[in-house]
Amino acid sequence: MPSTPGAGAPPTASRLSSPWLYLRLTLVSATWGGTFIAGKVLAGGLPPLLAASLRFAIASATLLGCLALTRMPLVRPAPGQMLRLSALGLFGVFGYNLFFFYGLQRIGATRASLIVALNPAMIALASFLLLKEALPPLKLAGVALCLAGAGLVIVGKNSDALAGAADGGGDLLILGCVACWTAYSVGSRSLSQTLGPLQTATWSILLGTAMLWLAAWLRGDASLAAIGKLDAAQWGGLLYLGALGSALAYIWYYDGIRRIGAARAGLFIALNPLCAVLLGAGLLGERLSLEMAVGGALAIAGIALGNRAPWRGQLPSRST
């Protein structure tokens, strides 16, 4: 994180590809994998829109607390930056959650996971088209391995994933998740470079949270009575989703995009299904299979291959 507001210039390229950076992106995927378990704890306890609103309210409070602890004031973005931050909140918080929750009402979670596994490929393509990030053969091979690995993990968990009842509208809604996350990932890099990851994450989540609460209020889902019925386990799930799965994970993901680009950071999303099934096996006693192990190995190989070397034109060679 930058030590001063707006100190977002990238460090020199020699320090960008550190093992610590890759470890943090791996932890982001592990954290996001755990959100599926936390979501199961919350399932049925709250309307989906209210659950998302509470999750990001906790994330907002966590981020503001981080700023207070570090004595870093919340910067006042320029009008153009505020417009782009609003777009990040719209796509990465509000739009993603709306498409995700309403899509899951029409298709199963496993089928949805297969569609969401397209994220690394779509981020790489958008980064190539919009950010002019290089797309050499090694990177394409890494993306392909990540897709194959994530798909094999998901199918290994539920062999009927592809045979489930199709719902064109539900599939389109989950594809909306992929489009939102791609726009969020690609659109955040320049802001993270100028404002820094913490400021960018805080503003985008604050703005996205306001949108979620407005939608929940308009739909009549913002119910104090429903919140009052939550038990300790459900509050624990919300705290995990908000503080770790949103606040901390979003900061580290922004920082990864700032340092190595959206396409290379996006490859780590392929680990989400693997982390989810490993945590499910350890905490919920869910079954592991050979397909899951092979898929996980393919995803890890894809990430290693896609991050094997920096690509010319992708990273700045010096601080600006």
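**Ground rules**

I am working on a predicted model, in which local features need pLDDT of at least 70 and side-chain atom pairs count only at pLDDT 80 or more, while totals for chains, interfaces and linings use all residues. Residues are numbered from 1 along each chain as its sequence is written, and side-chain values use heavy atoms, with hydrogens and water left out.

**Aromatic pairs**

I counted two rings of Phe, Tyr or Trp (its six-membered ring) as a pair if their centres lie within 6.5 Å, calling planes under 30 degrees apart stacked, those over 60 edge-to-face and the rest tilted. By this rule the count comes to 13 aromatic pairs. One of them joins tryptophan 181 and tyrosine 184, and I noted it as tilted, with 4.7 Å centre to centre and 35° between the planes. For burial I took under 20% relative accessible area as buried, over 50% as exposed and the range in between as partly exposed (1.4 Å probe, protein chains only). Tryptophan 181 is buried at a relative accessible area of 6%, and tyrosine 184 counts as buried at 0%.

Tyrosine 184 also pairs with tyrosine 254, again in a tilted arrangement, at 5.4 Å centre to centre and 45° between the planes. This pair links distant parts of the chain, since tyrosine 184 is in helix 7 and tyrosine 254 is in helix 11, 70 residues apart. I found tyrosine 184 and tyrosine 254 both buried.

**Salt bridges**

I then turned to charged side chains, taking as a salt bridge a side-chain nitrogen of Lys or Arg within 4 Å of a carboxyl oxygen of Asp or Glu. The structure holds four salt bridges.

Which residues does aspartate 255 bridge to? One partner is arginine 258, with the closest N and O atoms 2.9 Å apart, and another is arginine 259, for which the closest N and O atoms are likewise given as 2.9 Å apart. Arginine 258 and aspartate 255 are three residues apart in helix 11 (residues 232–260), so about one helical turn separates them. Aspartate 255 and arginine 259 are four residues apart in helix 11, a separation again of about one helical turn. I noted arginine 258 and aspartate 255 as buried, and arginine 259 as buried too. Arg24, Asp255, Arg258 and Arg259 are linked in a network of salt bridges.

A further salt bridge joins the side chains of aspartate 221 and arginine 219, at 3.4 Å from N to O. Is each of these two buried or exposed? Aspartate 221 is buried, with a relative accessible area of 14%, whereas arginine 219 is exposed, at 51%.

**Cavity**

I searched the whole structure on a 1 Å grid over the protein atoms alone, where a cavity is a set of points at which a 1.4 Å probe fits but cannot get out, and lining residues have an atom within 4 Å of a point. Grid points are joined across faces, edges and corners, and the volume is the space filled by probe spheres set on the points. The search finds one cavity of 30 Å³ or more, and the volume of the largest cavity is about 30 Å³. I listed its lining as Leu25, Val28, Ser29, Trp32, Tyr253, Ala265, Phe268 and Ile269. Helix 1 (residues 19–42) gives the largest share of this lining, four residues.

**Cysteines**

Last, I checked for disulfides, meaning pairs of cysteine sulfur atoms within 2.5 Å. By this rule the count comes to zero. Cysteine 177 is in no disulfide, and the nearest cysteine sulfur, that of cysteine 180, is 6.9 Å away. I noted cysteine 177 as buried, with a relative accessible area of 0%, while cysteine 66 counts as partly exposed at 30%.

Conventions. Helix = DSSP H or I, 4+ residues; strand = E, 2+ residues; numbered from the N terminus. 1 Å grid on protein atoms, 1.4 Å probe; cavity = no way out; pocket = protein on both sides within 12 Å on 5 of 7 lines; lining within 4 Å.
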